[in-house]
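Subject: Structure for you to look at, with notes

Dear colleague,

I am passing on the structure we spoke about, and I would be glad if you could read the notes with the model open beside them.

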Amino acid sequence: MATTRVTSNVITIERHILHEQEAFPDASGTLTQVLYDIALAGKLIASRTTRAGLADILGAAGQENVQGEEVQKLDLYAQQTIFQLNDHTGRLAVMASEEEQDLIHIPEQYPTGKYVLLFDPLDGSSNIDFNVSVGTIFAIYRRVSASGPGTLEDVLQKGSEIVAGGYVVYGSSTMLVYTAGHGVYGFTLDPSIGEFLLSHENIRLPDPPMYYSVNQGYEKYWTEGIKRYTRWLQGEEGASRSLSLRYIGSMVSDIHRTLLAGGVFYYPADTRDPKKPHGKLRLLYEANPMAYVIEQAGGYASTGRGPLRDVEPLDLHQRTPLFLGNRDLVEKAEEFIAKHDG
Ligand code: P6P
């Protein structure tokens with residue numbers, strides 16, 4: 001089984017990103033700086049998530065976000081932290097977030113830059129009060145508009161155009177995992193020195209895989225293809241092996257485990273909610289960046305009908321069915337769906 005070598009020498013994320021940049025002589029260093037800013041946001045958010053049990057943070061902030069969900073105070077803090085670290089740097093043309101209905105424009109007193117940042121500031125936040133891991137997800141694109149304030153066109157880009165992406169998982173330890181198209185690297189936060197240290201070099205999806213990950217509570221709402229696929233993963237339908245089930249209900253954690261242990265995570269479309277015919281997860285700032293990480297680690301991400309990162313976005317908050325993990329497992333899902341769901 002291919003295992004990811006956990007490194008021993010001390011390399012901070014800053015040193016790693018700078019070293020990566022050296023491979024691109026014409027690089028201006030702007031992308032490097034954006035990644036630094038995201039790492040800093042991760043440290044600041046981590047400092048709060050580890051104290052989320054305190055009375056002053058627990059519970060909703062009493063506001064509703066664009067998803068109609070109660071905003072947890074940590075959501076608000078994460079959103080504001082990422083915005084304030086990026087609004088004045090002159091590195092971004094525009095931002096977009098799960099927490100904001102519309103584009104997040106750079107304040108007019110600040111210059112705009114050549115990159116676009118999409119993010120889910122705190123995914124899985126409904127789990128905060130139960131001390132379940134949560135995460136920040138980010139995707140960076142090059143702007144497509146010429147100059148000036150960024151536009152919707154800058155944000156509605158296919159996942160195949162992504163320049164860098166990844167996540168911070170606030171769990172038993174805080175880890176930042178990212179790729180800029182040359183492999184996937186994991187950094188573990190050492191809170192005693194406030195540094196993300198390289199802990200997982202060039203992560204590759206292990207094979208054979210260990211787990212399948214889906215909310216089986218919705219099984220009765222699934223199509224025939226998804227039901228049969230899930231039975232295949234359990235060792236039926238002619239399968240030659242069976243996988244164990246692990247489901248945390250926090251996407252960043254479920255996909256982080258899939259990345260390190262091998263397997264498949266899926267959130268299929270289901271018939272529960274006619275308003276959500278394409279499942280629950282968001283294409284732009286959840287599915288696409290996670291798909292990029294998984295594919296850079298040797299895996300594959302699909303809508304169940306084809307490559308996820310080929311989907312042409314039409315709306316900032318559009319949802320998508322998502323299957324990602326070891327390529328053979330995800331392609332099997334496509335097979336069952338094609339065969340049984342027409
Ligand atoms: P369900 C968390 O609320 C989230 O957005 C993802 O992090 C997670 O994968 C999913 O929803 C869980 O949804 O319907 O299984 O509770």
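Predicted model: local features only at pLDDT ≥ 70, side-chain atom pairs only at ≥ 80, totals over all residues.

Residues are numbered from 1 along each chain as its sequence is written, and side-chain values use heavy atoms, with hydrogens and water left out.

Helix packing

Two packed helices are described by the angle between their axes and the distance between the axes. Helices (H or I, at least four residues) and strands (E, at least two) are DSSP runs numbered from the N terminus; axes are lines fitted to C-alpha atoms, for helices over the stretch in contact, and angles run from 0 to 180 degrees between N-to-C directions.

Helix α1, residues 13–22, packs with helix α2, residues 30–49, at an angle of about 165 degrees, and their axes are 10 Å apart. That angle makes α1 roughly antiparallel to α2 (angles under 35 degrees count as roughly parallel, over 145 as roughly antiparallel, 65 to 115 as roughly perpendicular and the rest as oblique). The crossing of α1 and α2 is right-handed, where a crossing is left-handed if the near helix is turned anticlockwise from the far one by less than a right angle, and right-handed if clockwise. On the α1 side the contact (heavy atoms within 4.5 Å) involves Ile13, Glu14, Ile17, Leu18 and Gln21, which meet Thr32, Leu35, Tyr36, Ala39 and Lys43 in α2. By class, this contact of α1 with α2 has six nonpolar, two polar and two charged residues (Ala, Val, Leu, Ile, Met, Phe, Trp, Tyr, Cys and Pro count as nonpolar, Asp, Glu, Lys and Arg as charged, and the others, Gly among them, as polar).

Helix α2 also packs with α3, at an angle of about 155 degrees and with the axes 10 Å apart, and α2 and α3 are therefore roughly antiparallel to each other. Their crossing is right-handed, and the residues that meet include Leu40, Ala41 and Leu44 in α2 and Tyr77, Ala78 and Ile82 in α3. The contact of α2 with α3 divides into nine nonpolar, four polar and two charged residues.

Further along, helix α5 (residues 224–233) and helix α8 (residues 327–341) pack at an angle of about 140 degrees, with their axes 8 Å apart, and that makes α5 oblique to α8. The crossing of α5 and α8 is right-handed; among the residues that meet are Tyr229 and Trp232 in α5 and Phe336 and His340 in α8.

Cavities and a pocket

On a 1 Å grid over the protein atoms alone, a cavity is a set of points where a 1.4 Å probe fits but cannot get out, and a pocket is an open set with protein on both sides within 12 Å along at least five of seven lines, while lining residues have an atom within 4 Å of a point. Grid points are joined across faces, edges and corners, and a volume is the space filled by probe spheres set on the points.

A search of the whole structure finds three cavities of 30 Å³ or more, and about 80 Å³ of space lies in the largest cavity. Of the 13 residues that line the largest cavity, Ile38, Ala41, Ile82, Thr136 and Phe138 are the closest to its centre. Helix α2 gives the largest share of this lining, five residues, and the lining of the largest cavity divides into nine nonpolar, three polar and one charged.

The second largest pocket holds about 380 Å³ of space, and of its 19 lining residues the closest to the centre are Phe24, Ala27, Leu31, Tyr115 and Arg142. Here too α2 gives the most to the lining, with four residues.

Backbone

The peptide bond from Asp207 to Pro208 is cis, with omega near 10 degrees, and Pro208 lies in the loop between β10 and β11. Asn131, in the loop between β5 and β6, has a phi near 60 degrees, a positive value in a residue other than glycine.

With best wishes
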